[in-house]
Amino acid sequence: MLADLLIHPRLVRVEVGLNVVVGFKVVPDETLIKVSSGKLDMNVAVKISTYDKNAIEEAVRIKESTGGKAIGVTVGNTDRKTIREALSMGVDEVVAISTQYTDVLGTATAIAEEVRSMNPDLVLFGETTTDGSTSGLGPMVAEFWGVPVITFAKSIKLDGKVIRAERSLTPVVEIVETELPTVVTVTGEINSPRIPTLRQIMESSKKPVRTKEFKSSPMASLDSVEPYLVQRKRIVLEGKTEEVVQKLIEALRKEGAL
Amino acid sequence: MIVVFSEDGENFKSAAALAQSLGEEIAGVAKQELKFTNKLYVTDFDEDVVVDIVSKESPTLVIGGDTKRDKTVAARVAARLRAAYAPSVVDLKSQGDRFVVKRIGYSGVALATLTLSKPAVITVGKGDSSPKEMQTQVIRQEGKGRVRVVERREGKGTVDLGSAKIIVSVGRGMGSKENVKYAQELADAIGAALAGSRPVTAEMGWLPEDRQVGLSGTKVKPKLYLALGISGQPQHLAGMKDSGLVVAVNKDKNAPIAENCDYLVVADTVEFCQEMVKRLKG
């Protein structure tokens with residue numbers, strides 16, 4: 001046995017729990033935003049941005065398999081109910097940084113400050129948010145922190161301090177490798193986010209939420225947000241399939257589309 | 001100094017055309033020798049290397065392409081230069097010492113106008129305008145970054161959805177992977193390219209990932225867009241809103257796509273395809 005260990009030094013490698021930081025954003029549910037009298041009604045329910053849930057799920061899985069910690073960071077809207085959802089999914093604690101309007105560069109600055117003080121092994125984000133959709137946060141945090149970044153990962157595998165990821169760079173898929181610490185952004189295909197049990201939801205109220213404030217002077221200011229609409233005819237064709245198909249073909253020929 | 005970069009030749013051209021319209025000295029970073037900038041760095045596009053090249057030029061404006069890799073590089077450059085960042089811009093105006101840009105927000109629901117201080121980093125998609133050829137000083141620059149590529153699988157890349165005139169696009173409502181063949185038959189009958197929504201491409205694999213139309217896939221603007229069994233989530237709409245005529249086929253009259261199409265055919269998607277093919281061939 002001892003001989004084995006001497007011959008194969010990698011057998012003596014001690015697996016230490018990995019500390020993962022996961023960024024997530026509280027956003028208005030885009031499927032509920034409606035246009036009323038030429039304006040967008042943004043006063044809708046908030047949620048964890050879609051792919052950030054995949055990042056949380058991945059962070060919790062890594063925490064569970066290595067016996068480490070998963071810490072959430074959110075910037076902007078710090079809605080408590082939404083933060084509790086992240087905690088219910090298995091995040092150990094959340095740093096909630098409230099701020100007035102800021103751009104993605106400001107958000108990255110705030111998160112990088114936290115990341116530097118926590119010095120984790122891995123930082124995860126969703127590939128993009130459903131509000132700003134810049135896909136810029138992960139790369140920016142990596143740049144500020146001075147570590148490599150792997151974006152659009154649809155699977156990741158950890159082996160000691162080496163991370164291997166499958167990057168979805170349509171139409172190319174790349175398998176890449178680098179050493180921790182690193183920043184990774186994940187796509188929606190990487191996993192199916194868990195639905196917390198009632199017990200996990202109850203227990204999440206005991207988990208710590210540290211609140212902070214961040215003042216930023218954004219380089220990009222948001223001047224206006226208007227509905228993005230293209231007026232359509234909205235003609236409904238209903239009835240027997242043979243008849244509606246006939247009508248459609250006639251209409252498309254008249255329009256010069258066929 | 002303006003810096004233009006893209007891993008994609010066509011996207012490099014549209015970025016260069018925008019840069020030329022601003023009348024400043026232009027540096028480019030590309031994989032191929034393209035003659036649309038005053039000087040050009042030719043590189044195999046390791047992300048660390050491209051971020052270094054672009055940042056060292058101390059640009060007032062960086063115009064990147066819109067591929068996923070381009071956007072990753074652009075965001076890092078913005079962080080390194082502490083510059084304003086706006087990817088996937090659809091309109092840019094120079095206003096004194098600022099830029100005013102428009103881009104899509106809230107997953108396709110909104111059009112946002114932003115003012116960017118200089119320096120600024122933006123990305124643009126492929127467009128119709130082509131740049132003028134010019135005398136270009138070519139510099140080769142290679143190097144290795146911190147992320148190693150172990151394996152590379154090229155996608156099929158057989159269809160260019162961005163320039164297709166007619167697109168037949170399938171969603172979950174098509175029912176099964178098996179049923180996609182009926183949509184293919186219809187596409188063949190009308191000379192269309194076959195595409196799909198995010199769930200059927202990236203998640204369920206009914207079609208290859210490069211066929212994805214939407215915010216995270218390709219943005220298309222065909223003369224005719226036929227949406228089969230696509231409910232019309234904002235993310236999908238964001239990728240096809242600029243289409244000429246939109247026809248949706250759906251069993252559910254109240255699906256969001258109903259608000260965003262010219263013709264809504266309330267029918268079973270498979271029956272619809274079979275009937276269309278029969279009529280068009282007969």
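Is Asp121(A) buried or exposed? Asp121(A) is buried, with a relative accessible area of 14%. Buried means under 20% relative accessible area, exposed means over 50%, and partly exposed lies in between (1.4 Å probe, protein chains only).

This is a predicted model: local features need pLDDT of at least 70, side-chain atom pairs count only at pLDDT 80 or more, and totals for chains, interfaces and linings use all residues. Residues are numbered from 1 along each chain as its sequence is written, chains are lettered from A and ligands numbered from 1 in the order in which they are written, and side-chain values use heavy atoms, with hydrogens and water left out.

**Chain B**

- Chain B has seven helices and 16 strands. These are DSSP runs, numbered from the N terminus: helices are H or I with at least four residues, strands are E with at least two.
- Of its 282 residues, 60% count as buried.
- The C-alpha trace of chain B spans about 60 × 40 × 35 Å along its principal axes.

**Where chains A and B meet**

- The contact (heavy atoms within 4.5 Å) takes 79 residues from chain B and 79 residues from chain A.
- The size of an interface is often given as the accessible area lost when the parts come together.
- Here, the area buried between the two chains is about 7300 Å², and carbon and sulfur atoms give 56% of that. Buried area is the accessible area (1.4 Å probe) that two parts lose on being put together, summed over both.
- In chain B, Lys68(B), Tyr106(B) and Tyr263(B) lose the most area to chain A, together 10% of what that side buries.
- Between chain B and chain A, the count is 14 salt bridges. A salt bridge is a side-chain nitrogen of Lys or Arg within 4 Å of a carboxyl oxygen of Asp or Glu.
- Glu174(A) and Arg69(B) form a salt bridge at 2.6 Å, N to O. Both belong to a salt-bridge network that also includes Arg167(A) and Glu7(B).

**Salt bridges inside chain A**

- Asp121(A) pairs with Lys161(A) in a salt bridge (2.7 Å, N to O). The two residues are 40 apart, and each sits in a loop.
- Lys161(A) is partly exposed, at 47% relative accessibility.
- Glu93(A) forms a salt bridge with Arg210(A), with the closest N and O atoms 3.2 Å apart. Glu93(A) lies in strand β7 and Arg210(A) in strand β13, so the pair ties together parts 117 residues apart in sequence.
- Glu93(A) is buried at 12% relative accessible area, whereas Arg210(A) is partly exposed at 35%.
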